[in-house]
Amino acid sequence: MAAFSNLTIFFLVTSTVAHTVFSEVFKPKNIAKWPKPPCKMYYPQGPFYDSKCPNITSYVCATNGHTYQNECFFCVDQWEFGPHIKFDKYGKCD
């Protein structure tokens, strides 16, 4: 039985690990399968309650063409102005 050199073993191990790591990093993400924003958690608790949205930038695009800073702002607008504002996608509107 032939013995492998240390360089050959190192190459085989690192190529296997690199493939495992980078195959997930560069895998295309299908944002159509992402869940819609959970708007019920952002709705005000009472008639005089103000929703406080976090100052986090994670853009949400609505069907009205408006880009919201995050899903909280989208959900509050949907609650205030009506259900005609629908979720389109995560990210900025085109």
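Leaving aside its neighbours within four places in sequence, with which residues is threonine 63 in contact? Threonine 63 is in contact with His84, Ile85, Lys86, Phe87 and Asp88, where contact means heavy atoms within 4.5 Å. This is a predicted model, in which local features need pLDDT of at least 70 and side-chain atom pairs count only at pLDDT 80 or more, while totals for chains, interfaces and linings use all residues. Residues are numbered from 1 along each chain as its sequence is written, and side-chain values use heavy atoms, with hydrogens and water left out.

Threonine 63 lies in the loop between strand 1 and strand 2. Between threonine 63 and aspartate 88 there are 25 residues of separation in sequence, yet their C-alpha atoms are 5.2 Å apart in space. At 47% relative accessibility, threonine 63 counts as partly exposed; the scheme calls a residue buried under 20% relative accessible area, exposed over 50%, and partly exposed in between, with a 1.4 Å probe and protein chains only.

## The chain and its sheet

The chain contains two helices and three strands, and along the sequence they follow the pattern α-β-β-α-β. Helices (H or I, at least four residues) and strands (E, at least two) are DSSP runs, numbered from the N terminus. Of the 94 residues, 21% count as buried, and among contacts between residues at least 6 apart in sequence, 52% join residues at least 24 apart. The chain exposes about 7700 Å², of which carbon and sulfur atoms supply 63%; this area comes from the Shrake-Rupley method with a 1.4 Å probe, and for residues only the protein chains shown count as cover.

The three strands form an open sheet in the order 2-1-3, with antiparallel pairing; two strands pair if DSSP finds at least two bridges between them. Strand 2 (67-68) and strand 3 (87-90) are the edge strands, each pairing on one side only. Strand 1 (residues 60-62) pairs with strand 2 in the antiparallel sense over two bridges, and valine 60 stands opposite tyrosine 68 in strand 2.

## Helix 2 and the residues around it

Helix 2 (residues 71-81) has the buried residues Cys72, Phe74, Cys75, Val76, Asp77 and Gln78, and what covers them includes strand 1, strand 2 and strand 3. At the start of this helix, a side-chain oxygen of asparagine 70 reaches to within 3.0 Å of the backbone nitrogen of cysteine 72. Asparagine 70 itself lies in the loop between strand 2 and helix 2, and a polar atom of its side chain is 2.9 Å from the backbone oxygen of isoleucine 56. Not counting residues up to four places away in sequence, asparagine 70 touches Pro54, Ile56, Ser58 and Val60, while cysteine 72, with neighbours within four places left aside, is in contact with Tyr42, Cys53 and Pro54.

Glutamine 78 also lies in helix 2, and, beyond residues up to four places away in sequence, glutamine 78 touches Cys39, Tyr43, Pro83, Ile85 and Lys86. Just after helix 2, glycine 82 takes a positive phi of about 115°.

| Residue | Relative accessible area |
|---|---|
| Tyrosine 68 | 4% |
| Asparagine 70 | 5% |
| Phenylalanine 74 | 1% |
| Glutamine 78 | 17% |

## Aromatic pairs and the core

A pair of aromatic rings is described by the distance of the centres and the angle of the planes. A search of the whole structure finds three aromatic pairs. The rings of tyrosine 68 and phenylalanine 74 have centres 5.7 Å apart and planes at 70°, so this pair is edge-to-face. Rings of Phe, Tyr and Trp (its six-membered ring) pair if their centres lie within 6.5 Å, and planes under 30 degrees apart count as stacked, over 60 as edge-to-face and the rest as tilted. Ring pairs link Tyr68, Phe74, Phe87 and Tyr90 into a cluster.

The largest nonpolar core has twelve residues, namely Cys39, Tyr42, Val60, Ala62, Tyr68, Cys72, Phe74, Cys75, Val76, Ile85, Phe87 and Tyr90. Such a core is a set of buried Ala, Val, Leu, Ile, Met, Phe, Trp, Tyr and Cys residues joined through side-chain atoms within 4.5 Å. Strand 1, helix 2 and strand 3 each supply at least two residues of this core, and helix 2 gives the most, with four residues.

Terms used
A polar contact is a pair of N or O atoms within 3.5 Å; within protein, one must be able to donate a hydrogen and the other to accept it, and residues adjacent in sequence count only if both atoms are side-chain atoms.
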